[in-house]
Amino acid sequence: ILSYLNSKKSWNIAASEILFSFGIVLFFHWQNLDNSLLLYTLAICAFVYIYLAYFTKNLMLNEEQDISLSIGLIQLILAFIFSFTLGVEPIDRSLLSFALIPTGAAIAYIKNSVRFLGISSVFTAITSYLFYTDILKLTHRMEYLGIGYFVIGLLFYLGVIYLKKKQDFIEVFGLSTGLFFFLSIIFTYNITSYLLIVSLLISGVAAHGAWQFEQLPLIYVSNAFLLFSLFNFLRYYNIENILHPFFYAAASYIFYGISIFINKRFQEAYQASALVTSVITPIFFGLKSISFAGGVLERNAIMTSYAATVLFGFDVYLRKAPNFGYITSALGMLSYLWQIKYNGVTENLAYTIPLGVYFLILAYTRKIKNDKDGRQMLDLLGLFFLLMPPLFLSFGDEAMKYSVTLGLVGIALLGAGITLSYKLYRYGGIAGIVFAVLPQTYNYILALPRWVAVGIVGLIFISVAI
């Protein structure tokens, strides 16, 4: 301290405060005094350092103020941490934790910065837990602590509403609300009835916050907790797992229905929630059905996949959103492929031919929009799925069946090419017909003179081109 008075260098303040606290620790160790008394003494010293920071604030000594605040806060936190290792009584731990609650408020006042109230929020949560478990010893009813956390979070939310014109308070109190709501979920999770109530209330608070502060993301939070509430509802009433997909699919339709009638500024959030829920439902339950015997859950998941397709189709009709038509068609195609796989269809062409036709139809839609590059890419994909699989299969077992199929596809493509005056389809059709004949006749063709085979192929291409 004398060095500081002489040089006015702030590091001397830090050295004096650290050395003084270290001296206290050595003295207590030398005298073999009680650890609880040591920690209380260090806590009192920390409060003195914080008061010195308040004193230096009036003297406009900013560096000295920051040093005293930092050392005081760190010393209090260390005293609390060491209370777990020095064998002190539970009440002492709780009191040391409680001491940090007003400390955060004091630092916020001295620094004129609301963000330090976050310290008070964190140690409010810690103190509540320690008091409940160590003092009241109610570890067998942790759901009550969860309800308590929810009430504290609700009080912070009320603070947000009351101070809504002060942005800094909104940020700190909003984060504190989220912290305590999260803890309420954690500590009520094992009791479904309490968890159901808490999740519904959190959903309601989030929806109210969205309307109160015009924050669109809070609608997503509210809807997520509504789905979580649905999960708890199904658990509480022991609804069969095989029926769960229908409930979530129904929730997606309800979200979309709300979007039609709700204020326009929140329409997009409810529409997005509906569409995302409708897509995630068949994916989640489809994966879950892998370990679920009987196949009924998978069947129901497929049904919700078709329900998602219908919902997307309705959205395309209603909003005319760009590219959503392609998403809708893709969902429909994937649902069909999933269904025939569920039905035990093992024929490869049952999968590839619909895919080929699907891509050709998409290509035609790109033609309508004068997108030549997109059309060509989709046409090539379609032709690949129509021609290549039966070609490869025609060299294996049941060659005749696949050759005939390839020939029929080729004839259909050739007819479409002539009707639409589209050379790519014509060439694809010719290739299909030639490749259909090739596996059955290639031994004879190889026996012909080369100029004869080349001439025949050339005549075919010239005749079609004409």
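Residues are called buried under 20% relative accessible area, exposed over 50% and partly exposed in between, with a 1.4 Å probe and protein chains only. The model is predicted, so local features are given at pLDDT of at least 70 and side-chain atom pairs at pLDDT 80 or more, whereas totals for chains, interfaces and linings use all residues. Numbering starts from 1 along each chain as its sequence is written, and side-chain values rest on heavy atoms, without hydrogens and water.

Positive phi values were examined in two loops. N112 lies in the loop between helix 5 (90-111) and helix 6 (117-135), where helices (H or I, at least four residues) are DSSP runs numbered from the N terminus. Its phi is near 55°, a positive value in a residue other than glycine. With a relative accessible area of 69%, N112 is exposed. K137 is placed in the loop between helix 6 and helix 7 (142-162). Phi of K137 is also near 55°, and this residue counts as exposed at 55% relative accessibility. Most residues other than glycine have a negative phi.

Helix 11 (residues 244-261) and helix 12 (residues 267-288) pack at an angle of about 165°, their axes lying 7 Å apart. Axes are lines fitted to C-alpha atoms, for helices over the stretch in contact, and angles run from 0 to 180 degrees between N-to-C directions. The two helices are therefore roughly antiparallel (over 145 degrees; under 35 is roughly parallel, 65 to 115 roughly perpendicular and the rest oblique). Helix 11 contributes H244, P245, Y248, A249, S252, F255, Y256, I258, S259 and I260 to the contact, and helix 12 contributes residues including Y270, A274, T277 and F285; contact means heavy atoms within 4.5 Å. By class, 10 nonpolar, 9 polar and no charged residues take part. Ala, Val, Leu, Ile, Met, Phe, Trp, Tyr, Cys and Pro count as nonpolar, Asp, Glu, Lys and Arg as charged, and the others, Gly among them, as polar.

Helix 15 (residues 349-368) has 20 residues, which at 1.5 Å a residue should span 28 Å; the end C-alpha atoms are 29 Å apart, in agreement. The expected span is 1.5 Å times one less than the number of residues. Among the buried residues of helix 15 are L349, Y351, P354, L355, F359 and R366. T352, also in helix 15, is buried at a relative accessible area of 13%. Neighbours within four places in sequence aside, T352 is in contact with F385 and P389. Just after helix 15, N370 adopts a positive phi of about 60°.
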